[in-house]
Structure formats: C-alpha cells, structure tokens
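Please have a look at the sequence and the fold before reading on.

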Amino acid sequence: MVKIIIYQHKDYGVLGFKSSGHAGFEDAGKDIVCAGVSVLIINTVNSLDQFTDNQFDVNQDAEEGYIAVESESGFDDRGKLLLDSMILGLKEIQKNYGDEYVTITFQEVQKP
C-alpha cells in the first residue's frame, strides 16, 4: 500500500508531504496504481523546482518507494497550486482504486 501524509499548517497551507510503500495492485512494472502515484508526485516535485522559486528539501529512496518533500518557509501561490493539483490527482486514484492500495492522511503541523 502507498501511504501518503500531507503536512499542513492552518495558516500557511501545505508545508510538505511524504509518500512511502508500493501499491501492490499488480506485479512490479505492471502496477498502474503505483505508476500513477509516482508520476503525480515526481512531476509535482520537478514542477516545483522548474516553475517556482520555492525552497524545499527532497529525500527519496526509489527502492523503498519513499519520497519526502518539506519546506520550512512554505510555498507561494504557484507552489500551492501545484501541490493542490497533486493532492487532487492522488485523491482520485484513491477513490477509483480503493484504500487498500492508497491512503492519504492530512497531518496538522506547527510552522517552525
């Protein structure tokens, strides 16, 4: 199962996210759920890097299916739009394929 945690602050919005695990919908290389989640997340990270001036850290381990993105200063309007788009796509995957393959939780955090 892919477990996604979205870290958000009540005043600053999304400050980051973490995704870990593999969906297990199908064998490796054929898993469309895992592929869909990966495409959304990697494209969002690349878009944040290319199309915004936001500062953020990325930690990842492809073998383990782990990626974490964190911004101490938060994201500007463009960054927020990209993250909202990613979350929308992830929710649709969860809705269409079920909680046994993808779970999304929102965790309230304190801004440093």
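## A tour of the model

Val58 counts as partly exposed because its relative accessibility is 34%; buried means under 20% relative accessible area, exposed over 50%, and partly exposed in between, using a 1.4 Å probe and protein chains only. This is a predicted model, in which local features need pLDDT of at least 70 and side-chain atom pairs count only at pLDDT 80 or more, while totals for chains, interfaces and linings use all residues. Residues are numbered from 1 along each chain as its sequence is written, and side-chain values use heavy atoms, with hydrogens and water left out.

Val58 belongs to strand E3. Helices (H or I, at least four residues) and strands (E, at least two) are DSSP runs, numbered from the N terminus. Not counting residues up to four places away in sequence, Val58 touches Val45, Ile67, Ala68 and Val69, where contact means heavy atoms within 4.5 Å. Between the C-alpha atoms of Val58 and Gly16 there are 9.6 Å, and along the chain these two are 42 residues apart.

Angles run from 0 to 180 degrees between N-to-C directions, and axes are lines fitted to C-alpha atoms, for helices over the stretch in contact.

Strand E1 (residues 2-9) pairs with E2 in the antiparallel sense over 7 bridges.

His9 sits in strand E1 and counts as buried, at 10% relative accessibility. Its side chain reaches the backbone nitrogen of Asp11 at 2.9 Å. Leaving aside neighbours within four places in sequence, His9 is in contact with Leu15, Glu108, Val109, Gln110 and Lys111.

Ser20 is in strand E2 (residues 13-20) and counts as partly exposed, at 24% relative accessibility. Ser20 and Ile67 are 47 residues apart along the chain, yet 6.6 Å separates their C-alpha atoms. Beyond its neighbours within four places in sequence, Ser20 is in contact with Met1, Val2, Lys3, Gly65 and Tyr66.

**The two helices**

At what angle do H1 and H2 pack? The angle is about 180°, and the axes are 10 Å apart. H1 and H2 are therefore roughly antiparallel to each other, since angles over 145 degrees count that way, while those under 35 count as roughly parallel, 65 to 115 as roughly perpendicular and the rest as oblique. Among the residues that make the contact are Leu40, Thr44 and Leu48 of H1 and Leu82, Leu83 and Met86 of H2.

Thr44, in helix H1 (residues 32-51), is buried at 6% relative accessibility. Not counting residues up to four places away in sequence, Thr44 touches Leu82, Leu83 and Met86. The side chain of Thr44 also reaches the backbone oxygen of Leu40 at 2.7 Å.

**Aromatic pairs**

Rings of Phe, Tyr and Trp (its six-membered ring) pair if their centres lie within 6.5 Å; planes under 30 degrees apart count as stacked, over 60 as edge-to-face and the rest as tilted. The count comes to 3 aromatic pairs, including these two:

| Pair | Centre to centre | Angle between planes | Class |
|---|---|---|---|
| Phe25 and Tyr101 | 5.1 Å | 80° | edge-to-face |
| Phe56 and Phe75 | 6.3 Å | 40° | tilted |

Phe56 lies in the loop between H1 and E3, and Phe75 in the loop between strand E4 (66-70) and H2, 19 residues apart. Phe56 is buried, with a relative accessible area of 18%, and Phe75 counts as buried at 6% relative accessibility. Phe25, in contrast, counts as partly exposed at 33% relative accessibility. Ring pairs also link Phe25, Tyr97 and Tyr101 into a cluster.

Conventions:
Polar contact = N/O pair within 3.5 Å; in protein donor to acceptor, adjacent residues only side chain to side chain. Pairing = 2+ DSSP bridges.
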